[in-house]
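Please take a moment with the sequence and the model below, and then follow the paragraphs that lead through some of its contacts.

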Amino acid sequence: MELSNFLKYERSLHPGKAVFFYKKPESDFIPLEADITRIRGQKAGFTEGFNISFEPKNVAPQDLAHCNPITIEECYVPPNVEHIYCRFSLRVQANSLSPNACNNDDVIALLKLLSKQFNVCGGYKELATRYCKNLMLGTWLWRNQNSGDTHILIKTSLGNTYQVENTRQLAWESRWNDDDLKTLEQLSIELSNALTDPTIYWSADITAKISTSFCQEIFPSQVFNMKADKVDVTKNFSKVKCLDGRYAVSFNSVKIGAALQLIDDWWGDSKRLRVHEYGADKENNIARRMPNTALNFYSIFINAENYLEELNQLDAKDSQAINPDIYYLFAVLIKGGMFQKKAEVKTGE
């Protein structure tokens, strides 16, 4: 199968912003606010003392002892507050069953058959289980995972409530206890049904209760300021304006989505990557699914016909036998995006 000149998939996972707050006896929602602080930035970078050839710059001793005053935002747990809460909502839609837009009817028909057979073989259930693991582990808390005991409460639109008593007792690779495994199974069934049935409107409300130490630092999303912008504060946090006019620090929805999509361990190593067409590994600043390999999304996508034949030969619900490339393919389609190639420019003869 060739890439179409126009091919688009709408994303299937729609997280909202995750808002940080705390509670007091008189209120169950007090926004966690950021503080603006002016600090002395030290001249400690490589380029302060060396040029690109690693030759020392001609600077006076006093030059490297000077400080650059900068203004930043910081966020800390208020005194005598023992728990911080972080809450967001997740909406799931069955958008990976077929392209949202495509200019090739044959490609549409093939992709519909592929998603149908992938579901028959239990593929969507495996992907849903992986997304739910990240929900239950609190992966979406990012640096705030390195804190005290964390309790997670998940309420779904079906009226069900799921709980994880302490995420610190769980890990992706570890053996989960029976209660947590049961929670994972039931929650993943709900999410899998939402991924595969267009008639279902499914959402979840997720809240983490984090035990904190005295005036502990909290790490929300940062807002990147362009250098051209003239701003007084060089580091800003993502925020949500509350009804009383105060601003609660938050994670933006992209940050939450990135955590849920940390499921790609099909590229040849146990390290889980965020789902990406070229397997971007942000920690090591390298792509694990290079264009000159057969591992990247586009090289896998054009083999859709072969993968359909593979799935047709599998027994129903035999998810363990599914080719890892097919899991990766549908993880990217669930993420959504524009996957077409540009139309070739016609030149006169």
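How many salt bridges does the structure hold? It holds 13 salt bridges, a salt bridge being a side-chain nitrogen of Lys or Arg within 4 Å of a carboxyl oxygen of Asp or Glu. This is a predicted model, in which local features need pLDDT of at least 70 and side-chain atom pairs count only at pLDDT 80 or more, while totals for chains, interfaces and linings use all residues. Residues are numbered from 1 along each chain as its sequence is written, and side-chain values use heavy atoms, with hydrogens and water left out.

One of the salt bridges joins Glu-126 to Arg-130, with the closest N and O atoms 2.8 Å apart. Both residues lie in helix H3 (residues 123–137), four residues apart, which is about one turn of the helix; helices are DSSP runs of H or I with at least four residues, and strands are runs of E with at least two, numbered from the N terminus. Arg-130 counts as buried at 11% relative accessibility, whereas Glu-126 is partly exposed at 21%, where buried means under 20% relative accessible area, exposed over 50%, and partly exposed in between (1.4 Å probe, protein chains only).

Another salt bridge is formed by Asp-264 and Arg-289, whose closest N and O atoms are 3.0 Å apart. Asp-264 belongs to strand S16 (residues 262–264) and Arg-289 to the loop between strand S19 (286–287) and helix H6 (297–301), so the pair ties together parts that are 25 residues apart in sequence. Both Asp-264 and Arg-289 are buried. Salt bridges that share partners also join Lys-271, Asp-281, Glu-283 and Arg-288 into one network.
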